[in-house]
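Here's a quick tour to read with the structure open beside you. Grab a viewer and follow along.

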Amino acid sequence: MAKLHKILAVMIVLLLFPVVIASIYEYTRINDNEELISTVYKKQLETIVSSVNSYAQDIADNWASRIELWLQYPSNTERLEKLTNENNSINGIFSLNENEEYRTLFVGNNKQETISAINNSLREHKEELEQLKTYYQQGYRKIISIPMSGENILLTFAAKDQKQNLNLIFIDLNPSLFLKNQIGSRIQAIAHENFRIDLVYRGTGELLLSSERDASVVQSFDQEGDMWFLPNVKIGINLKSQTISDLASSRIKEGIILMAIVLFVLLLGIWFLFVSVKREIQLAQIKSEFISNVSHEIRTPLALISMYIETLEMGRVKTEEKIKEYYAVIRGETMRLTDMVNKILNFSRLESGKQRFDFSGCDLNTITHNVLETYEFHLRNKGFEIEFQPASSIPEIQCDKDRIADALINLIDNAVKYSHEQKRIEIKTGTVRNYAFMEVKDFGPGIPRKKQKQVFDKFYRVTSGDLANQIKGTGLGLSIVSEIVKAHKGKVSLSSPPGQGCIFRLYFPVIRKNNS
């Protein structure tokens, strides 16, 4: 057994060492992993910022294309009207040709302010505006944003008119209305239930738009970015349920918990393997002890039989009385051998399922009475007092009478073996719910609670107090009882208060009668 414990220790070390090392390594890299997870999520948030900006840019490109189409086909006034009617964030649309002549395409309430802003932009952003024309001539239309004195901005791009003259187009845009009407639905769709997206004035910190409908206060952001053509607006994103730091920490904890579960499963598997191997080793030892005991049990009666027969053959016994005594010993030892062999054969047949049962209706009172009648002389001769308490009325059970008798005989034989000072056996029958039972009670030393489940295992014998050496046996009696009861779809119970003997009770299902 000590060798088995060493093997177990080696297995634990070999299996658990990699897991423990991996757990320690993972724990020491918590900060690195947190940084990695944070980086991954920030990349994802950057993608969201880019998505919002791209959507806004697509809207502006669409406006530019529609305005340019109207410039080339000015007779279709509905096209421009439809654009301005659909987008109340547009306060005015103006064009400036190469001769620096203004043309009002659409105007709201801020014409003079817009013209003034355009003039300022021509002075302050001259190079950028010229670059727009260059880009357009090269096949690329770029839109730039120029802040006005208030909150509004000028969206500026190049476009050709009906005569293929190059014009600069200025759109007086209200950012607040643009974000609310054009961007609001988009950030709702992107945010869904995972993120909170806020659009905020960079200068004042005022909340312009949020994916949270009831939001009124700006929160700290996990990730920030700029609106490409709204330079005075920034976009901020938070994870809704937790911060990136919390998320990273929770992922690390999940990894450690997973490793702990794996570790637990491995330990459980090792323990199960250890218990199984230990049980097999114990069974092998029990089998070895069984063979040794049976060999000893057989050798003793054979030696006695051989000695008494040899004595009789040599004619050394002169008196008739002594001869009868020798014959009685030979017969007793022969019966002992027969009983031992029969017990082994019966158990072998029961365990292999080759035992045939002849089921019929019977009652336990009759079976018990017949067994006691047969064994009464044997029991009285050993000095035992037998008390049988039959139930006054007991229902029939479906059973094999001979096998039930075998079970009862084994219990009685067990009681005889383990009863020393108080040679008394009580047997009773009765009914509990849908079961009829027979019970055998002895007044021996009893069985410790820890070993009560094991006594029904094959070859097992109680070894406490040197009982195994004092009382010979094969360790099959109670196993045979258990197998017989199982074959009858019954159950066995054992009660053994310390120092008060044992009570074995065999339960058998009663025959159910159909009500007519």
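This is a predicted model: local features need pLDDT of at least 70, side-chain atom pairs count only at pLDDT 80 or more; totals for chains, interfaces and linings use all residues.

- Five strands make up an open sheet, ordered β2-β1-β5-β4-β3, and the pairing is antiparallel.
- At the edges sit β2 (102–107) and β3 (144–147), each of which pairs on one side only.
- On average, neighbouring strands are turned by 25 degrees against each other, ignoring direction.
- Zooming in on one pair, β3 and β4 (residues 153–160) run antiparallel and share four bridges.
- Here you'll find Pro147 standing opposite Ile153 of β4.

**Helices on the sheet**
- Helix α3 (residues 77–86) lies across β1 (90–96) and β2, and runs at about 140 degrees to β1.
- Helix α5 (residues 126–137) also packs on the sheet, where it touches β3, β4 and β5 (166–173).
- The direction of α5 makes about 40 degrees with that of β4.

**Helix α9**
- This one spans residues 364–381, 18 residues in total, and goes 25 Å from first C-alpha to last, close to the expected 26 Å.
- Even so, α9 has a kink of about 55 degrees, centred on Tyr375.
- Which residues of α9 are buried? They are Leu364, Asn365, Ile367, Thr368, Val371, Leu372 and Leu379.
- As background, residues three or four places apart in an α-helix point the same way, because there are 3.6 residues a turn.
- After α9 comes Gly383, with a positive phi near 85 degrees.

Notes:
Residues are numbered from 1 along each chain as its sequence is written. Side-chain values use heavy atoms; hydrogens and water are left out. Two strands pair if DSSP finds at least two bridges between them. Helices (H or I, at least four residues) and strands (E, at least two) are DSSP runs, numbered from the N terminus. Axes are lines fitted to C-alpha atoms, for helices over the stretch in contact, and angles run from 0 to 180 degrees between N-to-C directions. Contact means heavy atoms within 4.5 Å. The expected span of a helix is 1.5 Å times one less than its number of residues. The bend at a residue is the angle between axes fitted to the seven residues ending there and the seven starting there. Buried means under 20% relative accessible area, exposed over 50%, partly exposed in between (1.4 Å probe, protein chains only).
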